[in-house]
Amino acid sequence: MTRESLLTYHFFIMEQSHLTFHRTISFALLFLLFFTSQLFAQQEEEAVSEEIITNVIKPGKIEATQERINQLQVPDGFTITKFAEGLGNPRMVITGNNGAVYVSRREQGDALLLRDTNNDGSANEVDTLITKKGAHGIAIHENKFYLVTVKEVYSANLNDDDTVGELELLIDDLPDGGQHPNRTIAFGPDDKMYISIGSTCNACNETNEENATILQANPDGSDRKVFAKGLRNTIGFDWHPQTQELYGMDHGIDLLGDDESMEELNQIIEGQDYGWPAIYEDGKQNKIVDPDSLTYEELAAKAKKPLRMHTAHSSPLGFVFYNSDMFPDEFHGDAFVTFRGSWNRNPPSGYKISRVHFENHLPAEFEDFITGFLVDDESQFARVTGIAVHPDGSLLFADDSNGIIYRVAYEE
(Lines give C-alpha, C1' and ligand atoms only; values in the text may rest on other atoms or scores of the structure.)
Protein backbone atom coordinates (compact mmCIF):
# COMPACT_ATOMS: atom_id res chain seq x y z
CA MET A 1 0.00 0.00 0.00
CA THR A 2 1.38 3.39 -0.95
CA ARG A 3 1.94 6.21 1.55
CA GLU A 4 -0.97 8.18 0.03
CA SER A 5 -3.27 5.16 0.40
CA LEU A 6 -2.30 4.75 4.06
CA LEU A 7 -3.02 8.40 4.78
CA THR A 8 -6.39 8.18 3.03
CA TYR A 9 -7.35 5.07 5.05
CA HIS A 10 -6.21 6.73 8.30
CA PHE A 11 -8.34 9.82 7.71
CA PHE A 12 -11.33 7.62 6.77
CA ILE A 13 -11.07 5.74 10.08
CA MET A 14 -10.76 9.01 12.00
CA GLU A 15 -13.79 10.48 10.23
CA GLN A 16 -15.88 7.38 10.98
CA SER A 17 -14.82 7.47 14.63
CA HIS A 18 -15.68 11.15 14.80
CA LEU A 19 -19.13 10.50 13.30
CA THR A 20 -19.71 7.59 15.70
CA PHE A 21 -18.76 9.81 18.65
CA HIS A 22 -21.19 12.52 17.54
CA ARG A 23 -23.92 9.97 16.98
CA THR A 24 -23.33 8.60 20.47
CA ILE A 25 -23.46 12.08 22.01
CA SER A 26 -26.57 12.95 20.03
CA PHE A 27 -28.29 9.75 21.10
CA ALA A 28 -27.36 10.42 24.73
CA LEU A 29 -28.70 13.96 24.56
CA LEU A 30 -31.92 12.80 22.96
CA PHE A 31 -32.36 10.13 25.65
CA LEU A 32 -31.66 12.66 28.40
CA LEU A 33 -34.15 15.11 26.88
CA PHE A 34 -36.81 12.39 26.60
CA PHE A 35 -36.24 11.18 30.17
CA THR A 36 -36.36 14.74 31.55
CA SER A 37 -39.55 15.58 29.67
CA GLN A 38 -41.17 12.38 30.98
CA LEU A 39 -40.09 13.26 34.52
CA PHE A 40 -41.46 16.79 34.24
CA ALA A 41 -44.69 15.45 32.76
CA GLN A 42 -45.05 13.04 35.69
CA GLN A 43 -44.39 15.81 38.20
CA GLU A 44 -46.87 18.09 36.43
CA GLU A 45 -49.46 15.29 36.42
CA GLU A 46 -48.93 14.74 40.15
CA ALA A 47 -49.17 18.49 40.80
CA VAL A 48 -52.41 18.71 38.85
CA SER A 49 -53.81 15.74 40.75
CA GLU A 50 -53.11 17.59 44.02
CA GLU A 51 -54.41 20.94 42.76
CA ILE A 52 -57.05 22.55 44.95
CA ILE A 53 -60.24 23.12 43.00
CA THR A 54 -62.28 26.19 43.86
CA ASN A 55 -65.86 25.87 42.65
CA VAL A 56 -67.56 29.18 41.92
CA ILE A 57 -71.25 28.49 42.47
CA LYS A 58 -73.52 31.43 43.22
CA PRO A 59 -77.16 30.38 43.52
CA GLY A 60 -79.33 32.99 41.82
CA LYS A 61 -81.89 35.09 43.69
CA ILE A 62 -85.55 34.22 43.29
CA GLU A 63 -88.59 35.95 44.79
CA ALA A 64 -89.51 35.33 48.44
CA THR A 65 -93.10 34.35 47.73
CA GLN A 66 -95.45 33.34 50.53
CA GLU A 67 -95.52 29.85 49.09
CA ARG A 68 -91.75 29.57 49.45
CA ILE A 69 -91.81 31.06 52.96
CA ASN A 70 -94.46 28.51 53.94
CA GLN A 71 -92.13 25.65 53.01
CA LEU A 72 -89.33 26.78 55.32
CA GLN A 73 -88.38 24.16 57.88
CA VAL A 74 -88.65 25.40 61.50
CA PRO A 75 -88.99 23.43 64.75
CA ASP A 76 -92.47 22.51 66.00
CA GLY A 77 -94.28 25.41 67.61
CA PHE A 78 -92.32 28.11 65.77
CA THR A 79 -93.69 30.40 63.08
CA ILE A 80 -91.84 32.64 60.63
CA THR A 81 -93.42 35.75 59.12
CA LYS A 82 -92.34 38.97 57.43
CA PHE A 83 -91.72 41.79 59.89
CA ALA A 84 -90.82 44.26 57.10
CA GLU A 85 -90.05 44.09 53.40
CA GLY A 86 -88.90 46.26 50.51
CA LEU A 87 -85.85 47.37 52.50
CA GLY A 88 -83.17 47.04 49.82
CA ASN A 89 -80.12 45.46 51.44
CA PRO A 90 -80.58 45.28 55.23
CA ARG A 91 -77.53 44.03 57.11
CA MET A 92 -77.20 44.29 60.90
CA VAL A 93 -80.20 44.40 63.24
CA ILE A 94 -80.53 45.63 66.85
CA THR A 95 -83.53 46.45 69.04
CA GLY A 96 -84.31 49.13 71.61
CA ASN A 97 -85.86 48.50 75.02
CA ASN A 98 -89.22 49.87 73.89
CA GLY A 99 -89.40 47.63 70.83
CA ALA A 100 -87.90 49.93 68.18
CA VAL A 101 -85.86 48.06 65.56
CA TYR A 102 -82.73 49.52 63.96
CA VAL A 103 -81.29 48.19 60.71
CA SER A 104 -78.10 49.20 58.90
CA ARG A 105 -77.89 49.19 55.11
CA ARG A 106 -74.33 49.10 53.83
CA GLU A 107 -75.12 49.52 50.14
CA GLN A 108 -77.57 52.37 50.69
CA GLY A 109 -75.28 54.01 53.26
CA ASP A 110 -77.84 54.54 56.00
CA ALA A 111 -79.65 53.08 59.00
CA LEU A 112 -83.42 52.63 59.29
CA LEU A 113 -85.82 52.89 62.22
CA LEU A 114 -88.67 50.35 62.14
CA ARG A 115 -91.62 50.42 64.55
CA ASP A 116 -94.55 48.11 65.17
CA THR A 117 -96.89 50.59 66.83
CA ASN A 118 -99.99 48.36 66.75
CA ASN A 119 -98.17 45.25 68.07
CA ASP A 120 -99.31 42.95 65.28
CA GLY A 121 -95.86 41.46 64.64
CA SER A 122 -94.94 43.58 61.62
CA ALA A 123 -93.50 47.06 61.19
CA ASN A 124 -96.00 49.70 60.17
CA GLU A 125 -93.49 52.58 60.30
CA VAL A 126 -90.16 52.66 58.44
CA ASP A 127 -88.03 55.80 58.55
CA THR A 128 -84.47 56.71 57.64
CA LEU A 129 -82.65 57.25 60.92
CA ILE A 130 -79.29 58.50 59.65
CA THR A 131 -77.33 58.66 56.42
CA LYS A 132 -73.66 57.74 56.52
CA LYS A 133 -71.58 56.12 53.77
CA GLY A 134 -70.34 52.67 54.75
CA ALA A 135 -72.76 52.31 57.67
CA HIS A 136 -72.66 48.72 58.92
CA GLY A 137 -72.24 47.90 62.62
CA ILE A 138 -74.77 49.45 65.03
CA ALA A 139 -75.25 49.27 68.80
CA ILE A 140 -77.12 50.92 71.69
CA HIS A 141 -75.40 51.56 75.01
CA GLU A 142 -76.52 53.72 77.92
CA ASN A 143 -79.02 55.72 75.91
CA LYS A 144 -76.63 56.33 73.04
CA PHE A 145 -76.74 55.00 69.50
CA TYR A 146 -73.42 53.86 67.98
CA LEU A 147 -72.52 53.28 64.34
CA VAL A 148 -69.31 52.04 62.73
CA THR A 149 -68.22 52.45 59.10
CA VAL A 150 -65.00 51.19 57.54
CA LYS A 151 -62.77 53.68 59.34
CA GLU A 152 -65.02 55.66 61.72
CA VAL A 153 -67.05 55.17 64.87
CA TYR A 154 -69.89 57.60 65.65
CA SER A 155 -72.27 58.04 68.58
CA ALA A 156 -75.49 60.02 68.99
CA ASN A 157 -77.94 60.63 71.80
CA LEU A 158 -81.00 58.43 71.67
CA ASN A 159 -84.21 60.46 71.84
CA ASP A 160 -87.44 59.50 73.60
CA ASP A 161 -89.16 58.94 70.25
CA ASP A 162 -86.49 56.37 69.21
CA THR A 163 -84.78 58.81 66.82
CA VAL A 164 -81.22 60.01 67.37
CA GLY A 165 -79.50 63.35 67.71
CA GLU A 166 -76.49 64.64 65.79
CA LEU A 167 -73.70 62.14 65.15
CA GLU A 168 -70.43 62.72 67.01
CA LEU A 169 -67.21 61.32 65.56
CA LEU A 170 -65.35 59.22 68.14
CA ILE A 171 -62.79 57.35 66.00
CA ASP A 172 -61.60 58.20 62.49
CA ASP A 173 -58.56 55.97 61.95
CA LEU A 174 -59.65 52.34 61.93
CA PRO A 175 -57.57 50.22 59.50
CA ASP A 176 -58.34 50.05 55.79
CA GLY A 177 -61.05 47.57 54.88
CA GLY A 178 -59.61 45.61 51.97
CA GLN A 179 -61.42 42.32 51.44
CA HIS A 180 -63.39 42.61 54.70
CA PRO A 181 -64.63 46.17 55.30
CA ASN A 182 -67.79 45.25 57.26
CA ARG A 183 -67.12 46.39 60.83
CA THR A 184 -69.41 45.40 63.69
CA ILE A 185 -69.70 46.93 67.14
CA ALA A 186 -71.13 45.88 70.51
CA PHE A 187 -70.76 46.65 74.20
CA GLY A 188 -69.76 44.04 76.73
CA PRO A 189 -70.79 43.45 80.36
CA ASP A 190 -67.69 45.48 81.28
CA ASP A 191 -69.21 48.55 79.51
CA LYS A 192 -66.34 48.49 77.01
CA MET A 193 -66.77 49.01 73.27
CA TYR A 194 -65.78 46.05 71.06
CA ILE A 195 -65.17 46.42 67.32
CA SER A 196 -64.54 43.59 64.88
CA ILE A 197 -61.88 44.41 62.27
CA GLY A 198 -61.61 41.86 59.46
CA SER A 199 -58.51 41.00 57.46
CA THR A 200 -57.65 42.91 54.29
CA CYS A 201 -57.11 39.67 52.38
CA ASN A 202 -57.89 35.98 52.17
CA ALA A 203 -54.59 34.93 53.77
CA CYS A 204 -51.58 37.22 54.16
CA ASN A 205 -49.29 38.74 56.76
CA GLU A 206 -51.02 42.01 57.67
CA THR A 207 -48.98 45.21 57.95
CA ASN A 208 -51.44 46.80 60.39
CA GLU A 209 -51.66 44.99 63.73
CA GLU A 210 -55.33 45.98 64.10
CA ASN A 211 -56.47 43.99 61.08
CA ALA A 212 -57.91 40.50 61.72
CA THR A 213 -58.71 41.38 65.33
CA ILE A 214 -61.35 42.39 67.80
CA LEU A 215 -60.56 45.77 69.33
CA GLN A 216 -61.57 47.06 72.74
CA ALA A 217 -62.05 50.72 73.71
CA ASN A 218 -63.88 52.94 76.16
CA PRO A 219 -67.37 54.13 75.12
CA ASP A 220 -65.85 57.44 74.00
CA GLY A 221 -63.33 55.64 71.77
CA SER A 222 -60.32 56.22 74.01
CA ASP A 223 -57.72 53.64 75.14
CA ARG A 224 -58.20 51.51 72.04
CA LYS A 225 -56.27 48.24 72.00
CA VAL A 226 -56.21 44.82 70.36
CA PHE A 227 -58.32 42.50 72.51
CA ALA A 228 -57.75 39.31 70.45
CA LYS A 229 -56.00 38.65 67.13
CA GLY A 230 -55.66 36.01 64.42
CA LEU A 231 -59.39 36.30 63.61
CA ARG A 232 -59.92 36.48 59.85
CA ASN A 233 -63.40 38.01 59.98
CA THR A 234 -65.52 37.63 63.12
CA ILE A 235 -68.56 39.72 62.16
CA GLY A 236 -70.96 38.11 64.63
CA PHE A 237 -70.13 38.00 68.36
CA ASP A 238 -71.98 38.17 71.67
CA TRP A 239 -71.61 37.48 75.41
CA HIS A 240 -73.11 34.41 77.11
CA PRO A 241 -75.95 35.68 79.35
CA GLN A 242 -74.88 33.54 82.34
CA THR A 243 -71.08 33.29 82.15
CA GLN A 244 -70.52 36.70 80.48
CA GLU A 245 -67.91 35.02 78.25
CA LEU A 246 -67.45 36.34 74.70
CA TYR A 247 -68.11 34.05 71.72
CA GLY A 248 -67.95 34.67 67.99
CA MET A 249 -68.04 32.95 64.60
CA ASP A 250 -64.94 33.42 62.45
CA HIS A 251 -64.86 33.01 58.67
CA GLY A 252 -62.62 30.27 57.34
CA ILE A 253 -60.00 30.78 54.62
CA ASP A 254 -61.05 30.54 50.96
CA LEU A 255 -59.30 28.72 48.09
CA LEU A 256 -58.45 25.60 50.13
CA GLY A 257 -61.16 23.43 48.56
CA ASP A 258 -64.82 22.64 49.15
CA ASP A 259 -64.37 21.45 52.73
CA GLU A 260 -61.56 23.68 54.03
CA SER A 261 -61.29 25.76 55.94
CA MET A 262 -64.32 25.32 58.19
CA GLU A 263 -66.11 28.17 59.94
CA GLU A 264 -64.92 28.44 63.55
CA LEU A 265 -66.84 29.05 66.77
CA ASN A 266 -64.42 30.60 69.25
CA GLN A 267 -64.52 31.67 72.84
CA ILE A 268 -62.76 34.99 72.41
CA ILE A 269 -60.36 35.61 75.27
CA GLU A 270 -58.27 38.72 75.85
CA GLY A 271 -54.70 38.40 74.62
CA GLN A 272 -55.24 35.19 72.65
CA ASP A 273 -54.08 34.53 69.07
CA TYR A 274 -56.48 32.43 66.99
CA GLY A 275 -53.95 31.49 64.33
CA TRP A 276 -54.96 33.22 61.11
CA PRO A 277 -53.39 33.32 58.53
CA ALA A 278 -50.91 30.48 59.12
CA ILE A 279 -53.03 28.16 61.28
CA TYR A 280 -56.67 27.15 60.86
CA GLU A 281 -59.24 24.72 62.25
CA ASP A 282 -57.69 22.46 64.91
CA GLY A 283 -54.07 23.27 64.06
CA LYS A 284 -53.77 22.73 60.31
CA GLN A 285 -50.99 24.63 58.54
CA ASN A 286 -51.88 27.05 55.77
CA LYS A 287 -49.07 26.91 53.21
CA ILE A 288 -50.49 29.89 51.28
CA VAL A 289 -48.46 32.18 53.53
CA ASP A 290 -45.02 31.99 55.13
CA PRO A 291 -44.90 32.52 58.88
CA ASP A 292 -43.29 35.79 59.93
CA SER A 293 -40.78 34.54 62.47
CA LEU A 294 -41.96 31.38 64.22
CA THR A 295 -42.28 27.99 62.54
CA TYR A 296 -45.67 26.53 61.63
CA GLU A 297 -45.33 24.11 64.53
CA GLU A 298 -44.63 26.92 66.99
CA LEU A 299 -47.56 28.95 65.66
CA ALA A 300 -49.90 25.96 65.91
CA ALA A 301 -48.82 25.31 69.50
CA LYS A 302 -49.72 28.83 70.63
CA ALA A 303 -52.87 29.32 68.52
CA LYS A 304 -56.19 29.17 70.41
CA LYS A 305 -58.28 26.39 68.88
CA PRO A 306 -61.99 26.71 68.03
CA LEU A 307 -64.50 25.04 70.33
CA ARG A 308 -66.70 23.92 67.45
CA MET A 309 -66.54 24.06 63.65
CA HIS A 310 -69.19 24.31 60.93
CA THR A 311 -69.34 23.52 57.21
CA ALA A 312 -66.76 25.47 55.20
CA HIS A 313 -67.71 28.63 53.28
CA SER A 314 -71.14 28.96 54.96
CA SER A 315 -70.31 32.62 55.74
CA PRO A 316 -71.51 33.32 59.31
CA LEU A 317 -72.81 36.88 59.71
CA GLY A 318 -75.00 37.36 62.78
CA PHE A 319 -74.50 35.80 66.22
CA VAL A 320 -76.75 36.34 69.24
CA PHE A 321 -77.52 34.56 72.49
CA TYR A 322 -81.15 33.98 73.37
CA ASN A 323 -81.93 35.60 76.72
CA SER A 324 -85.71 36.12 76.67
CA ASP A 325 -88.86 34.22 77.67
CA MET A 326 -90.94 33.51 74.54
CA PHE A 327 -88.99 30.42 73.43
CA PRO A 328 -89.03 27.19 75.47
CA ASP A 329 -86.67 26.99 78.45
CA GLU A 330 -84.20 24.73 76.64
CA PHE A 331 -83.34 27.63 74.31
CA HIS A 332 -82.18 29.90 77.13
CA GLY A 333 -78.43 30.36 76.99
CA ASP A 334 -78.21 28.97 73.43
CA ALA A 335 -77.03 31.08 70.49
CA PHE A 336 -78.33 31.63 66.97
CA VAL A 337 -76.08 32.08 63.92
CA THR A 338 -77.08 33.36 60.49
CA PHE A 339 -75.16 31.75 57.64
CA ARG A 340 -75.39 34.04 54.62
CA GLY A 341 -74.27 31.29 52.23
CA SER A 342 -71.34 30.23 50.09
CA TRP A 343 -70.23 31.38 46.67
CA ASN A 344 -67.31 28.96 46.31
CA ARG A 345 -68.45 25.50 47.35
CA ASN A 346 -69.97 22.49 45.59
CA PRO A 347 -72.59 21.86 46.84
CA PRO A 348 -73.44 25.31 48.26
CA SER A 349 -73.49 25.66 52.06
CA GLY A 350 -75.21 28.06 54.45
CA TYR A 351 -78.39 29.98 53.51
CA LYS A 352 -79.88 29.13 56.91
CA ILE A 353 -79.99 29.84 60.63
CA SER A 354 -78.41 27.44 63.09
CA ARG A 355 -78.86 27.05 66.81
CA VAL A 356 -75.72 26.55 68.88
CA HIS A 357 -76.82 24.33 71.75
CA PHE A 358 -74.88 24.95 74.97
CA GLU A 359 -74.52 22.37 77.74
CA ASN A 360 -73.03 23.35 81.08
CA HIS A 361 -72.39 26.78 79.55
CA LEU A 362 -70.22 25.33 76.75
CA PRO A 363 -71.13 24.89 73.05
CA ALA A 364 -72.08 21.27 72.44
CA GLU A 365 -73.35 21.19 68.85
CA PHE A 366 -74.84 23.05 65.89
CA GLU A 367 -78.47 22.29 65.04
CA ASP A 368 -80.41 23.52 62.01
CA PHE A 369 -83.05 26.00 63.17
CA ILE A 370 -84.40 27.48 59.92
CA THR A 371 -83.63 25.91 56.54
CA GLY A 372 -85.17 26.02 53.08
CA PHE A 373 -83.95 29.37 51.76
CA LEU A 374 -81.67 27.42 49.41
CA VAL A 375 -84.22 25.92 47.03
CA ASP A 376 -81.65 23.99 45.02
CA ASP A 377 -77.99 24.41 44.11
CA GLU A 378 -78.95 27.11 41.61
CA SER A 379 -81.48 29.30 43.42
CA GLN A 380 -82.10 30.93 46.83
CA PHE A 381 -84.57 33.46 48.21
CA ALA A 382 -82.60 34.76 51.22
CA ARG A 383 -79.04 35.50 52.22
CA VAL A 384 -79.47 35.95 55.97
CA THR A 385 -77.35 38.54 57.79
CA GLY A 386 -78.06 40.40 61.05
CA ILE A 387 -80.05 38.87 63.92
CA ALA A 388 -81.46 40.20 67.19
CA VAL A 389 -83.78 39.24 70.04
CA HIS A 390 -86.80 41.54 70.25
CA PRO A 391 -88.01 42.69 73.69
CA ASP A 392 -91.16 40.59 73.18
CA GLY A 393 -88.97 37.47 72.95
CA SER A 394 -89.25 36.90 69.20
CA LEU A 395 -86.24 36.61 66.94
CA LEU A 396 -85.65 39.08 64.09
CA PHE A 397 -83.23 38.50 61.24
CA ALA A 398 -82.42 40.24 57.97
CA ASP A 399 -82.13 39.07 54.38
CA ASP A 400 -79.96 41.44 52.36
CA SER A 401 -80.87 39.77 49.07
CA ASN A 402 -84.66 40.25 48.90
CA GLY A 403 -84.75 43.10 51.43
CA ILE A 404 -86.81 41.44 54.15
CA ILE A 405 -86.74 41.36 57.96
CA TYR A 406 -88.24 38.10 59.24
CA ARG A 407 -89.81 37.47 62.64
CA VAL A 408 -89.64 34.09 64.38
CA ALA A 409 -92.16 33.52 67.18
CA TYR A 410 -93.16 30.59 69.38
CA GLU A 411 -96.62 29.55 70.52
CA GLU A 412 -97.38 26.45 72.59
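Tutor: A cavity here is a set of grid points where a 1.4 Å probe fits but cannot get out. The model searched is a predicted one.

Student: How many cavities of 30 Å³ or more does a search of the whole structure find?

Tutor: The search covers the whole structure and applies a cut-off of 30 Å³. The number of cavities found is two.

Student: Which residues lie closest to the centre of the largest cavity?

Tutor: The lining of this cavity consists of 13 residues. By class they are six nonpolar, four polar and three charged. Closest to the centre are D250, H251, E264, W276 and Y280.

Student: How many charged residues are in the lining of the second largest cavity?

Tutor: Residues that line the second largest cavity include E264, E281, K304 and K305. Asp, Glu, Lys and Arg count as charged. Beside five nonpolar residues and one polar residue, the charged ones number four.

Student: Which strands are the edge strands of the open sheet of four strands?

Tutor: The strand order is β21-β22-β23-β24, with antiparallel pairing. An edge strand of this sheet pairs on one side only. The edge strands are β21 (316-321) and β24 (362-370).

Student: Which residue in β24 stands opposite V356?

Tutor: Strand β23 spans residues 352-359. β23 and β24 pair in the antiparallel sense over seven bridges. Opposite V356, the residue in β24 is F366.

Conventions. Residues numbered from 1 in each chain as written. Predicted model: local features only at pLDDT ≥ 70, side-chain atom pairs only at ≥ 80, totals over all residues. Heavy atoms only, no water. Pairing = 2+ DSSP bridges. Helix = DSSP H or I, 4+ residues; strand = E, 2+ residues; numbered from the N terminus. 1 Å grid on protein atoms, 1.4 Å probe; cavity = no way out; pocket = protein on both sides within 12 Å on 5 of 7 lines; lining within 4 Å. Points joined across faces, edges and corners; volume = space filled by probe spheres on them.
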